[in-house]
Amino acid sequence: MNKKLLYLLVIVLASCGKGKNSSSNVYFTGEIVNPTASHVVLYKGDNIIDSAQLDEHNRFIFRFDSITDGLYHFNHAPELQYVYLKKGDSLAVRLNTVAFDESLVFSGDGEEINNFLLELFLANEEERSGINSTFKLQPEEFIKNLDSLANQKLEILNTLTEEGNFSDREVKIAKASIKYGYDSYKEKYPFVHRKYTSDKKIQKVPENFYDYRKNIDFNDSDLTYLRPYYNFMNNHFGNVTYMNCKTDCELQQNLVRNRMHFNSHKLYLIDSIVIDKELKDNLLRKVAFDYLLKSHDSEKNNETFIEKFHTLSKNSRHHKEVDELYEGIKNIQPTKSIPEVYVYNGEGVKMSLLDISKNRKTLFYFWSGEDKRHLKEVNKRVKWLEKRKPDYQLVGINVKTEESNWKGIVQTSNLKPEMQYRSDNFEELTKALIIFPINKCIITENGKIINAFSNIFSNTIEQQMSGYTQLAKN
Ligand SMILES: [Zn+2]
């Protein structure tokens, strides 16, 4: 049993029976220890509701005459977290950015649901690796474990509900957070099980394995931005598309390798099943991003796919994002010049990527200061490649680390300082170079792209660095 959840139960029960505010005014205030930005932004879904400046005591305040009850999220860059707000609430949050989620505490009216959702979130993080290790089990045992974890939380929720702490909408959201969270693992089971057991075929699951699917709600706008619900939807459509393709679609060779067919099929399934418009558009956008970023398909296929996406998605901002992504991908095809993006060296001198890479063979790799383990692995790999490929310069581009912090890391982590750069415009950088995943690297010769979608940990990285030289000369 999760200790924090139990503890929460005790606190909430002890604090019952407070008088309720009858005004519809909403106050959401907070204090941020070790702030990483000057303000806090409040969102409802994709829309910014308001933004508040931190004062000299690192406090902020949002005040609304009225607000739609429901789930919001607040962002103190780069972190974000949910907050449930309802009319009459006067809610306060305190957090320390050194351990953002773990340090968060809500107090005041509305604290019960907010602390409950937060504890669920933390419990899920804590349980993840344990659950991942059960994917190799047989389906019956796999579900038994998940259901027992879910039931523990549902029992606590029941007790809190009986005590009258939650409104109906709050109960619905809390319950969805629990159920969709655990059911999401079931949607992934056949595929991860196959991987972990090196079975060739997808394991058959008992008839009742997917019983919960009878109760999936594809039309509840209260849940659209609830993370466990949204993640569930992604996994669910991945699973159902695969199974449908396998039985219904006539495809030569291995159907899942046909990314164009698989992803188009997924678009149509989402379109025909999901009712809530915003959820539908968000899911369609995710499929389009996945396809474009992971498939590296032919230009013809890409264009056919994007046309399909345009006819199904009703969100013009998503259209623009997908088009821009595709433009970005087209701009970094082999033989094109590396995009005119500017970065800074340790002395603060501004240089373009072309300046850095002309007359040289260059491999650009990427790292972020937040992920220390990743940086260590990358650094090791870079040192190894530098020995194997002395004709190359290996250039590190930092993403998202604040300048003084970046300089500190460069000094202490044994990176070659003269090969390190950072951008002060992460959005421009990532749009132009399509930095996904973070392990990607870009191989260039004399400023011309040889391969902009390579991976620094690829087994064939050395061949890639010697094999394509001819290409750059054309
Ligand atoms: Zn299909």
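Two strands count as paired if DSSP finds at least two bridges between them. Strands (E, at least two residues) and helices (H or I, at least four) are DSSP runs, numbered from the N terminus. What you're looking at is a predicted model, where local features need pLDDT of at least 70, side-chain atom pairs count only at pLDDT 80 or more, and totals for chains, interfaces and linings use all residues. Residues are numbered from 1 along each chain as its sequence is written, and side-chain values use heavy atoms, with hydrogens and water left out.

Let's start with strand β5, residues 70–76. Seven of its seven residues are buried (under 20% relative accessible area, with a 1.4 Å probe and protein chains only), so β5 is largely enclosed by the rest of the structure. Who are its partners? Strand β2 (residues 39–44) runs antiparallel to β5 and is joined to it by three bridges; here Leu-42 stands opposite Phe-74 of β5. Strand β6 (residues 79–85) also pairs with β5 in the antiparallel sense, over seven bridges. Look for His-73, whose bridge partner in β6 is Tyr-82. With two residues between them, β5 and β6 form a hairpin.

Now for an open sheet of four strands, in the order β4-β1-β7-β8, with mixed pairing. Its edge strands, β4 (59–64) and β8 (105–108), each pair on one side only. From one strand to the next, the twist averages 15°. Strand β7 (residues 90–96) meets β8 in the antiparallel sense over four bridges, and Val-93 has Phe-106 in β8 as its bridge partner. Helix α3 (residues 111–132) packs on this sheet, touching β7 and β8 (contact means heavy atoms within 4.5 Å). The direction of α3 makes about 170° with that of β8; such angles run from 0 to 180 degrees between N-to-C directions, using axes fitted to C-alpha atoms, for helices over the stretch in contact.

Finally, find the zinc ion. Its protein donors (N, O and S atoms within 2.8 Å of the metal, or 3.2 Å for Na, K and Ca) are Cys-245 (SG), Cys-249 (SG), His-261 (NE2) and His-265 (ND1), 2.0 to 2.3 Å away. Why is the arrangement called tetrahedral? Because the four donor atoms subtend angles of 97 to 130°, and four donors count as tetrahedral if all angles lie between 85 and 135 degrees. Along the chain, the donors follow the spacing C-x3-C-x11-H-x3-H. Cys-249 lies in the loop between α6 (227–248) and α7 (259–273), while His-261 is in helix α7, so the pair ties together parts that are 12 residues apart in sequence. Cys-249 is buried, at 19% relative accessible area, whereas His-261, at 23%, is partly exposed (that is, between buried and exposed, which is over 50%).

Conventions. Tetrahedral: all angles 85-135°; square planar, octahedral: opposite > 155°, others 65-115°.
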